[in-house]
Amino acid sequence: MKNQIQPRARVQQIPEYHPPLGNRDSLRLDFNENTLACSPAVLAAIQSLSAADLTRYPERGPIESLAASHLGLSPEQVILTNGVDEAIHILCQAFLDRGDELLLPVPTYTMYEIYASATDATTRRVQAGTDFRFPLEALLSAIATKTKLIAIANPNSPTGSVCTREHIIAIAEAAPQAVVLVDEAYFHFYGHTVMDLIGKLPNLIVARTFSKAYGLASLRLGLLAGPDSLLQWARRVLSPYSVNTVALAALKAALTDPDAQSYLDWYVSEVKRSRAQFLVALNKIGLAYWPTEANFVLVNIGPAHKEFAAAMREQGILVRDRSADPGCDGLVRITIGTRKHMHLAVAAIQKWKSAGVLA
Ligand SMILES: Cc1ncc(COP(=O)(O)O)c(C=O)c1O
């Protein structure tokens, strides 16, 4: 029998989003994850959890305070979330109403628009030029009274480009009626932050993830930092147990164990070295790419983008075809992992090239 129940009209309009997560046993250069492992100290903390620990509902408060002091903030200024994805979701829920607008430089991370589309607000996209530099002037002129949320991934995905501190300040000052979310998911590979402006710019909120440099994508762990005057509303729509006990134990070790800190530092410097070498290799191979401050690079493959991704997969390496992103036809994003991993990637690209498909 046909079901008579229909979802909200807005929900019917949300495009289906299925990230290609199947069969990922190969070298994963497709989701910008850590390609190796989390710190052994973090793994040990997870392994030391008892069955009794798992019987309790998770208490995020103490670890939230720890994360806040790690960032030089007060506990009211931090919310731990089930990944940055949940952080984006609760900001959309809390701040986007009917008639409001999410303002988005594109191309950018997909989930901003997806979560906004589940609200009664609309999204206004500002297209970056072919150099993918941050479209500051166009974004500033798109700010309107109905702009209630502006999302800036910094560094941006899939481009790897950045928005400078001065530009972020200019945007926040030009849109005092809007929450300005600076998503620093790839902060560690860039090194610049606006975290110190929390509380100074009243509409600034910063997001961080533990999915990338920390190597904890499966635990779903992120955070929002911002003034209490804004975060108190985000807390109203936050699911109270969305950060689980395993993730909390991992985070405690990640932030307090000196070995975990040195492992993180090592991984980040390894990726930076690897990135420099990989870009040189791309030059030698003759593939154009965009400057990147993140642990990935957007490469111009051209009309053969699909075949390229398939050929890489055949050689055991996953890359992400971003051709469907606005302004990204023919472009493929490749995550930068360790030098060992990127040597494998270079060999696979060279093999593809020598097969003559790129010529
Ligand atoms: C810019 C950006 N923000 C957030 C995320 C997701 O972070 P999390 O795994 O914490 O939900 C990603 C993941 O690819 C990303 O590229």
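Colleague: Is R220 buried, partly exposed or exposed, and why does it get that label?

Modeller: This is a predicted model. In it R220 has a relative accessible area of 26%. Buried needs under 20% and exposed needs over 50%, so R220 counts as partly exposed.

Colleague: Which other non-glycine residue has a positive phi?

Modeller: N32 is one, with phi near 60 degrees. N32 is in the loop between β1 (27-28) and α2 (40-47).

Colleague: Is N32 buried or exposed?

Modeller: Buried, because its relative accessibility is 1% and the limit is under 20%.

Colleague: Back to R220. What does its side chain do with the ligand?

Modeller: An N or O atom in the R220 side chain is 2.6 Å from an oxygen atom of the ligand. The ligand exposes 400 Å² when taken alone, and the protein buries 93% of that.

Colleague: Which residues come nearest to the ligand?

Modeller: There are 14 residues around the ligand, and the nearest are D183, Y186, T209, S211 and R220.

Colleague: Which element gives the most to the shell?

Modeller: Helix α5 (residues 83-95), with three residues. There are backbone approaches to the ligand as well. A backbone N or O atom of V84 is 2.7 Å from a ligand oxygen, and a polar backbone atom of D85 is 3.0 Å from a ligand oxygen.

Colleague: Change of topic. Where are the cis peptide bonds?

Modeller: One runs from N154 to P155, with omega near 0 degrees. Another runs from S157 to P158, with omega near 10 degrees. P155 lies in the loop between β5 and α8, and P158 is found in that loop too. Most peptide bonds are trans.

Colleague: And N154 itself, where is that?

Modeller: N154 is in the loop between β5 (147-153) and α8 (165-174).

Colleague: What does N154 touch?

Modeller: Leaving aside neighbours within four places in sequence, its contacts are S161, V162, C163, I168, V182, D183, E184 and Y190. The N154 side chain also reaches the backbone nitrogen of C163 at 2.6 Å. D183, one of the contacts of N154, is also among the residues that come nearest to the ligand.

Colleague: What about E33, where is it and is it buried or exposed?

Modeller: E33 is in the loop between β1 and α2. With 14% relative accessibility, E33 counts as buried.

Colleague: What is around E33?

Modeller: Not counting residues up to four places away in sequence, E33 touches R24, R28, S211, K212, A217, Y267, N295 and T335. With R28 there is a side-chain to side-chain polar contact at 2.6 Å.

Colleague: Last topic, the hydrophobic packing. How many residues are in the largest nonpolar core?

Modeller: 88. Those with the most contacts inside that core are I150, I171, L204, F278, F308, I334 and I349. Helix α12 (residues 258-285) supplies the largest share of the core, 10 residues.

Colleague: What does F278 touch?

Modeller: V297, I334, I336, M342, A345, V346 and I349, again leaving out residues up to four places away in sequence. There is also a second, separate core of 30 residues, which includes L91, C92, V106 and L149.

Colleague: Tell me about L149. Which strand is it in, and what does it touch?

Modeller: L149 is in strand β5, and at 3% relative accessibility it counts as buried. Beyond four places in sequence, L149 touches C92, L96, E101, L102, L103, A178, V179 and L181.

Key: Residues are numbered from 1 along each chain as its sequence is written. This is a predicted model: local features need pLDDT of at least 70, side-chain atom pairs count only at pLDDT 80 or more; totals for chains, interfaces and linings use all residues. Side-chain values use heavy atoms; hydrogens and water are left out. A residue is near a molecule or strand if one of its heavy atoms lies within 4 Å of it. A polar contact is a pair of N or O atoms within 3.5 Å; within protein, one must be able to donate a hydrogen and the other to accept it, and residues adjacent in sequence count only if both atoms are side-chain atoms. Accessible areas come from the Shrake-Rupley method with a 1.4 Å probe; for residues, only the protein chains shown count as cover. Helices (H or I, at least four residues) and strands (E, at least two) are DSSP runs, numbered from the N terminus. Contact means heavy atoms within 4.5 Å. A nonpolar core is a set of buried Ala, Val, Leu, Ile, Met, Phe, Trp, Tyr and Cys residues joined through side-chain atoms within 4.5 Å. Buried means under 20% relative accessible area, exposed over 50%, partly exposed in between (1.4 Å probe, protein chains only).
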